[in-house]
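Thank you for making time this morning. I would like to walk you through one protein chain, slowly, beginning with the whole and then turning to a few pairs of side chains.

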Amino acid sequence: QVHAIVAQAVLVQDSGRWISRLRRAFASMPLPTAVFFFAACAMATVWAEVRHFNGEVVPKSGSLEGLYIFYVHSYEDSPGPKAAQSRLTFKDIRLRGEDGGPTKSAWVAVGVLPWSEFDNLMDGKTLCGESDGKVALQFKQHSSKQNAHWHRVTFPAEEDASYVLKQSGPYLLVVANCAPEASASKLLMYGSVVVKNPYGYSAGNELFKSWVYGWAALGYVAALLGWVAKLFLFTPKDVAKRDYHSAATFILIMGVLECASYAAFYIEANKMEVSREDSLLLVLAQVSGIAKVVYFIAFFRALAPQSTSRIQQAIHIAVLLLYTTAATIKVTLQASRQSMSIDASAWIFSIIFVAFAGVVALVFVMRGLARMMQRCREASDDK
């Protein structure tokens with residue numbers, strides 16, 4: 001599932017060329033961007049199927065903008081408990097002016113449609129209609145039309161609307177601005193679009209993650225208990241106080257916190273309409289994950305002979321800070337995907353920065369281990 005994906009297509013009345021432009025934008029992505037697109041679907045940064053509009057700027061007049069991708073399981077295809085049909089709900093979606101005041105614009109609408117049926121449902125010549133002075137967007141006549149829905153964005157908000165979704169797969173959330181002329185000021189959207197699957201609010205490709213992280217947390221707990229027992233029962237006290245013992249202990253503790261927080265988060269996300277900016281559990285999981293990797297670096301470095309020089313100690317601290325900074329930037333960008341559009345160049349920078357920091361840390365650790373192996377050989381030769 002990909003959050004804050006933006007692709008625009010101008011509504012040209014004399015041709016329908018814009019219809020497939022949104023999909024071609026993804027198909028024509030350069031390889032690195034395409035890799036990030038598909039990798040993002042597998043990363044643990046997707047939560048409940050909720051898209052909030054918190055003062056988001058409406059697209060320019062005469063344009064269509066894709067903002068979000070939901071993943072839906074139909075009642076028949078549900079991999080979890082079947083409590084009810086999959087349902088799409090438009091909640092309190094309203095329009096305001098740039099100053100926060102009311103606006104008379106009635107040409108904006110938000111829609112949800114099956115991603116695979118985009119070409120079969122969109123027609124630039126008939127999309128923007130009018131009824132009683134308000135926009136009345138229309139899909140083409142197609143069998144999948146029953147799973148595609150528009151909702152007008154006005155002030156005050158129209159009544160909440162809810163629809164049953166009977167087709168499994170990814171759904172695209174779009175915003176259309178059919179105004180014939182550009183507005184003198186920016187228009188802002190508020191409200192939310194919610195998709196609830198038969199088993200809850202989790203994305204269709206996220207349900208299994210609570211189980212995965214739950215079992216991983218139990219594995220870390222078992223390993224931590226075994227490690228602590230070994231230190232207290234079978235390791236001399238003077239040996240148990242070495243740096244690499246402490247680092248290994250913190251690795252296991254951070255692993256428990258990370259996996260337990262993710263498991264609790266995905267359980268929460270399945271039961272409640274939460275989004276990424278609402279959950280402290282996600283923040284705890286991400287911070288614990290970064291700390292775990294940092295302790296891994298410290299652990300392997302602690303296996304090497306320790307240098308008492310200030311330069312080596314400064315390098316050690318600098319390497320840990322470099323990786324922590326890189327990982328924090330990457331996690332922050334991931335956590336912002338729902339509330340804002342992240343430019344591809346920012347993603348590329350964060351990935352390259354993390355890779356660079358990882359290489360620096362690897363070289364730092366390997367040099368220390370190589371120095372330890374050299375001293376071991378020298379000690380063996382002396383004997």
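Please keep in mind from the start that this is a predicted model. At 25% relative accessibility, Tyr163 counts as partly exposed, whereas Phe90, at 0%, counts as buried. I begin with these two residues because they form an aromatic pair, with ring centres 6.2 Å apart, inside the 6.5 Å limit for pairing. The angle between their planes is 75°, and the pair is edge-to-face.

Now let us step back to the whole chain. It contains 9 helices and 11 strands, and of its 383 residues, 47% are buried. If we take the contacts between residues at least 6 apart in sequence, 80% of them join residues at least 24 apart. The accessible surface comes to about 19200 Å², and carbon and sulfur atoms account for 62% of that surface.

How many aromatic pairs does the model hold? The count comes to 11, and elsewhere in the chain Tyr213, Tyr262, Phe265 and Tyr266 form one aromatic cluster. A ring can also have a charged neighbour, as with Tyr75, where Lys82 lies over the face of the ring, 5.7 Å from its centre.

Let me turn to charged pairs. Side chains of opposite charge can pair when their charged atoms come close. Are Lys292 and Glu258 buried or exposed? Both are buried.

Arg51 and Glu56 form another salt bridge, with their closest N and O atoms 3.0 Å apart, and both of these residues are buried as well. In the salt bridge between Glu158 and Arg152, the corresponding distance is 2.8 Å, but here Glu158 is partly exposed at 23% relative accessibility, and Arg152 is partly exposed at 26%.

Finally, on the surface, Val228, Phe232, Leu233 and Phe234 form a nonpolar patch with about 510 Å² of accessible area together. Leu233, found in helix α4, residues 209-233, is exposed, because its relative accessible area is 63%.

Notes:
Residues are numbered from 1 along each chain as its sequence is written. This is a predicted model: local features need pLDDT of at least 70, side-chain atom pairs count only at pLDDT 80 or more; totals for chains, interfaces and linings use all residues. Side-chain values use heavy atoms; hydrogens and water are left out. Rings of Phe, Tyr and Trp (its six-membered ring) pair if their centres lie within 6.5 Å; planes under 30 degrees apart count as stacked, over 60 as edge-to-face and the rest as tilted. Buried means under 20% relative accessible area, exposed over 50%, partly exposed in between (1.4 Å probe, protein chains only). A charge sits over a ring if NZ of Lys or CZ of Arg is within 6 Å of the ring centre and within 35 degrees of the ring normal. Helices (H or I, at least four residues) and strands (E, at least two) are DSSP runs, numbered from the N terminus. Contact means heavy atoms within 4.5 Å. Accessible areas come from the Shrake-Rupley method with a 1.4 Å probe; for residues, only the protein chains shown count as cover. Patches are made of residues with over 30% relative accessible area and no salt bridge: like charges are joined within 9 Å, nonpolar side chains (Val, Leu, Ile, Met, Phe, Trp, Tyr) within 5 Å. A salt bridge is a side-chain nitrogen of Lys or Arg within 4 Å of a carboxyl oxygen of Asp or Glu.
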